[in-house]
Amino acid sequence: MVDENRVVRIFENLVKIYSPSYRERTLADHIKGYVESLGFLAFEDEAGLAIGSDTGNVIITIPGIAEGPSILFVSHMDTVEPAKGVELVIEDGIIKTDGETILGADDKAGVAAMLELVSVLAGKSISHGPIHLIFTVAEEVGLEGAKNLDLSDKHIDFAYVLDSNGKIGNIVVSAPYQDSFVVEYRGRAAHAGLAPETGINAIAAASMAISCMKLGRIDEETTANVGVIEGGRAGNIVPDRARVIAESRSINPAKLEEQSDRMIDCFKRGAQEVGAEVSIQRYRPYEGYSLTENDEVVRRVIDAFDRLGVSHKLIRSGGGSDTNVFNAMGVNAVNLGMGAEYVHTTDEYIPIAELKNLASLLVELVKV
Ligand SMILES: [Zn+2]
């Protein structure tokens with residue numbers, strides 16, 4: 001079954017490979033080599049070409065040897081920085097780095113557990129239905145690999161994305177829809193001391209817009225933020241340009257619509273107040289999803305945790321992941337805790353016991 005030493009070795013080899021977003025080549029080749037050495041076929045799609053990565057999504061299909069639902073596992077190959085030259089420190093059953101880099105357990109813990117599953121399957125000791133494994137590219141920069149997947153030739157009953165920080169047992173059953181805004185104000189430049197009345201202050205327009213809107217936590221399902229404001233050239237020039245980048249999120253699509261409309265109203269009102277022009281770009285980086293324990297994809301993972309004696313927790317996330325993209329494609333998917341803490345920081349760590357539990361969970365989910 002799951003071999004703790006083997007999964008730790010797999011994980012160590014993965015985190016030492018530098019794989020920032022759009023440069024996942026070496027890691028993808030390592031993954032393909034690993035599964036091919038065990039007698040399975042690995043396929044790489046064309047997503048890299050579409051998004052400017054040197055690598056496509058790696059897809060492995062393992063035919064069932066028994067009747068059973070078709071299960072998909074997903075993890076992403078890219079990591080955030082700093083990630084070059086990872087030096088591992090293993091102490092008291094915890095894997096971390098020397099503090100100079102991130103660990104990259106986000107999401108190489110997921111990758112390691114999936115490769116350990118392949119090792120177990122190669123031993124032919126368990127009976128399982130069809131299994132798909134997908135290793136995506138460029139997740140950290142906007143779920144780009146997942147958005148360019150073509151699953152039209154695959155039948156998938158249940159999908160598990162291994163990409164939530166925190167404990168094995170965490171099941172992310174809902175994640176928000178998001179709207180993003182890039183807003184440009186155009187006013188008129190003028191000398192601020194000699195002829196301010198001939199100018200139109202674009203920064204004033206932007207600040208009136210921002211002060212008109214409610215931001216932060218709007219309600220228990222909805223949040224909003226202005227994250228960037230820039231513009232202006234010097235203290236003595238009435239600024240003719242200002243740019244605002246903002247977002248709103250909600251688990252409830254109707255509430256998101258309302259919040260986004262209110263923000264757009266404010267953006268327009270700011271321009272009107274000072275007589276500036278405004279252009280507003282609004283786009284949807286990802287759709288949300290919301291499931292309950294009555295959905296079979298959730299039920300199955302709860303049952304697997306029960307059989308393993310691992311306690312579980314249903315979680316609502318405030319962030320997007322590849323899981324959002326799969327649900328939007330019509331594939332029932334949840335995001336699962338993969339055991340790492342303090343992801344995206346140099347304090348990131350993962351307990352070895354969690355790494356082993358994650359691999360055991362995958363084996364438990366595919367058994368029939
Ligand atoms: Zn991740």
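Donors here are N, O and S atoms within 2.8 Å of the metal, and water is not among the atoms, so the site may look incomplete. Keep in mind that this is a predicted model.

**Exercise 1.** Work out which residues coordinate the zinc ion and how they are spaced in sequence.

*Solution.* Start with the contacts: His76 (NE2), Asp106 (OD) and Asp163 (OD) coordinate the zinc ion at 1.9 to 2.1 Å. Next, read the spacing of these donor residues along the chain, which is H-x29-D-x56-D. Now place two of them: histidine 76 sits in strand β3 (residues 71–76) and aspartate 163 in strand β7, so the pair ties together parts that are 87 residues apart in sequence.

**Exercise 2.** Describe the largest pocket and what lines it.

*Solution.* Its volume comes to about 440 Å³. Of the 26 lining residues, the closest to the centre are Glu139, Asp163, Gly319, Gly320 and Ser321. Sort the lining by class and you get eight nonpolar, twelve polar and six charged residues. Then look at domains: domain 1 (4–175 + 288–366) and domain 2 (178–286) each give at least three residues.

**Exercise 3.** Classify the pair of phenylalanine 181 and phenylalanine 267, and say whether each ring is buried or exposed.

*Solution.* The centres are 6.1 Å apart and the planes make 55 degrees, so the pair is tilted. Phenylalanine 181 belongs to strand β9 (residues 177–186) and phenylalanine 267 to helix α7 (residues 253–274), 86 residues apart. For burial, the cut-off is under 20% relative accessible area. Phenylalanine 181 has 0% and is therefore buried; phenylalanine 267, also at 0%, is buried too.

Note on methods: Residues numbered from 1 in each chain as written. Predicted model: local features only at pLDDT ≥ 70, side-chain atom pairs only at ≥ 80, totals over all residues. Heavy atoms only, no water. 1 Å grid on protein atoms, 1.4 Å probe; cavity = no way out; pocket = protein on both sides within 12 Å on 5 of 7 lines; lining within 4 Å. Points joined across faces, edges and corners; volume = space filled by probe spheres on them. Nonpolar A, V, L, I, M, F, W, Y, C, P; charged D, E, K, R; others polar. Domains from an automatic or database assignment. Donors = N, O, S within 2.8 Å, 3.2 Å for Na, K, Ca; no water. Helix = DSSP H or I, 4+ residues; strand = E, 2+ residues; numbered from the N terminus. Phe/Tyr/Trp six-rings, centres within 6.5 Å; stacked < 30°, edge-to-face > 60°. Buried < 20%, exposed > 50% of the residue type's maximum accessible area, 1.4 Å probe, protein only.
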